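Hi everyone, thanks for coming.

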Amino acid sequence: MFITKRTPPLTVATELAAAGFVQSLSEALRQDVENHLNEGQVIYSTIENGNFVGMSIFRTMGANDDILYLCGTIFMPEAQQRGFASQVIRLAQSELGSQYLALRTQSPRMWRVGQRLCREWYPDPHREIPPLIRGIGKLVGAEIGSEFPVTAGYYGGPLYGAKPLHQDPKLQAWWDRVCSFERGDAVLCVGSF
């Protein structure tokens with residue numbers, strides 16, 4: 001497996017998204033993928049055995065480009081839960097020198113990835129959001145058209161074909177209180193590296 005700054009062809013990226021999100025190939029999905037690719041400043045592809053198995057799209061924000069925003073990431077089902085997302089985020093943070101990470105998700109798995117990578121990660125079931133992080137969350141939210149920390153119904157329904165579940169039942173129960181998968185809520189997460 002290796003990670004490279006390489007944008008996959010739109011057809012490959014759409015196939016990755018369909019497989020990773022358990023959705024059918026469609027024009028709407030192709031357009032969504034194209035929009036995500038255009039939104040990013042830096043795109044990393046994960047390649048294994050000569051095949052694209054994932055892609056991650058980033059852009060920086062903030063006065064000093066100190067916020068690394070993960071616009072989107074997707075991996076083939078067989079490449080999921082193998083630590084690739086963490087590796088790509090670490091690489092992007094190292095290369096871009098960002099101090100903060102932000103991402104929007106419906107998945108408690110992606111929340112956990114951010115929690116593992118950051119010293120502080122919000123929302124957090126055990127801590128109030130500090131003013132600095134709240135300010136960063138509002139700045140990112142304004143830039144991407146989201147509320148911080150949760151935008152009710154942002155996606156208009158489930159983003160994935162199957163609800164992403166976390167193996168930790170306590171984390172999953174908290175996540176279900178924060179994020180209604182069925183309503184299509186989007187959770188904007190922010191943390192400091």
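**Cysteines and aromatic pairs**

Let's start with C179, which counts as buried at 2% relative accessibility (buried means under 20% relative accessible area, exposed over 50%, partly exposed in between, with a 1.4 Å probe and protein chains only). Before I go on, a word on the basis: this is a predicted model, where local features need pLDDT of at least 70, side-chain atom pairs count only at pLDDT 80 or more, and totals for chains, interfaces and linings use all residues. Residues are numbered from 1 along each chain as its sequence is written, and side-chain values use heavy atoms, with hydrogens and water left out.

How many disulfides does a search of the whole structure find? The search gives 0, taking a disulfide as a pair of cysteine sulfur atoms within 2.5 Å. For C179, the nearest cysteine sulfur is that of C189, 9.1 Å away. C71 is buried too, at 7% relative accessibility, and its sulfur lies 15 Å from the closest cysteine sulfur, in C189, which is too far for a bond.

Now the rings: there are 5 aromatic pairs. Rings of Phe, Tyr and Trp (its six-membered ring) pair if their centres lie within 6.5 Å; planes under 30 degrees apart are stacked, over 60 edge-to-face, and the rest tilted. One of the pairs is Y44 with F58, edge-to-face at 5.8 Å centre to centre and 80° between the planes. Both of these residues, Y44 and F58, are buried.

Y154 and Y155 also pair edge-to-face, at 5.0 Å and 90°. Y154 is partly exposed at 32%, and Y155 is partly exposed at 27%. Finally, W111, W174 and W175 form one aromatic cluster.
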